[in-house]
Amino acid sequence: MSRLRKILAGAGIATVGAIGTKMAVDYFRNRNKEEAPDESEGDVNEEETPPEQVSYAVVQDDSVQSFLDASFGSPGRYVPSRSPKVFDYQGGQYMVIWARDNEKDKNQMMAFQYTDAGRKMIASVGYTPDKTDYNMSGLDNTPFAVEVNGEKITSGQGEADGADEVDFVLA
């Protein structure tokens, strides 16, 4: 079983289609739902994926809600607002979820890294058109950044101008 499938099964998240590959720069640029690779082609071997590509899974939308409810203990607080990204990049496994935080009335982007020790949140960004707050507690040891209004943030915590969207990108 692929590493991504093991992570998704452990999180209770269902996929659509096979595990596919895509150029990393294109994958991170896409804000829309990825096309699910044809299941008849089978899953790619993540260990054979070239370093400039990601192996990715397309997630069944309704299973993300169950994950959020179970992870944060407040059913319905977070509601997915954009297709999540679940991927393997250069040997690391990650999940990024965009959701509406109904309790704090803002959008939220949460990035997790999976290791042998379990799931760790490496970035959290709350954003409204008026204000963005961020905590990049584990992002500095990865090849990633969070892009807010065209600026890449790779570490630290603080505030920035408001934003309508934030993206998880290569640093």
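This is a predicted model: local features need pLDDT of at least 70, side-chain atom pairs count only at pLDDT 80 or more; totals for chains, interfaces and linings use all residues.
Residues are numbered from 1 along each chain as its sequence is written, and side-chain values use heavy atoms, with hydrogens and water left out.

Start with the eight-strand sheet. This open, antiparallel sheet has the order β1-β2-β3-β4-β5-β6-β7-β10. Strands here are DSSP E runs of at least two residues, and helices are H or I runs of at least four, numbered from the N terminus. Two strands pair if DSSP finds at least two bridges between them. β1 (15–23) and β10 (156–161) stand at the edges with a single partner strand each, so one side of each has no neighbour in the sheet. From one strand to the next, the twist averages 20°. β1 and β2 run antiparallel and are joined by six bridges, and G20 sits opposite Y56 in β2.

| Helix | Lies across | Angle |
|---|---|---|
| α1 (residues 3–11) | β1, β2, β3, β4 (92–101) and β5 | about 135° to β1 |
| α3 (residues 61–72) | β2, β3, β4, β5 and β6 (118–127) | about 95° to β3 |

Now look at N107, which lies in strand β5 (residues 106–115). N107 is buried, with a relative accessible area of 19%; buried means under 20%, using a 1.4 Å probe and protein chains only. Leaving aside residues up to four places away in sequence, N107 touches A99, R100, V125, G126 and Y127.

There's also an open sheet of three strands, in the order β9-β8-β11, again with antiparallel pairing. Its twist averages 40° from one strand to the next. β8 (residues 144–148) pairs with β11 over five bridges, and V146 stands opposite F168 in β11.

Finally, the cavity: on a 1 Å grid over the protein atoms alone, that's a set of points where a 1.4 Å probe fits but cannot get out, and lining residues have an atom within 4 Å of a point. Of the 13 residues lining the largest cavity, K33, E34, A57, S83 and P84 are the closest to its centre. β2 (53–59) and β3 (78–89) each supply at least two residues of that lining.

Terms used:
Axes are lines fitted to C-alpha atoms, for helices over the stretch in contact, and angles run from 0 to 180 degrees between N-to-C directions. On a 1 Å grid over the protein atoms alone, a cavity is a set of points where a 1.4 Å probe fits but cannot get out, and a pocket is an open set with protein on both sides within 12 Å along at least five of seven lines; lining residues have an atom within 4 Å of a point. Buried means under 20% relative accessible area, exposed over 50%, partly exposed in between (1.4 Å probe, protein chains only). Contact means heavy atoms within 4.5 Å.
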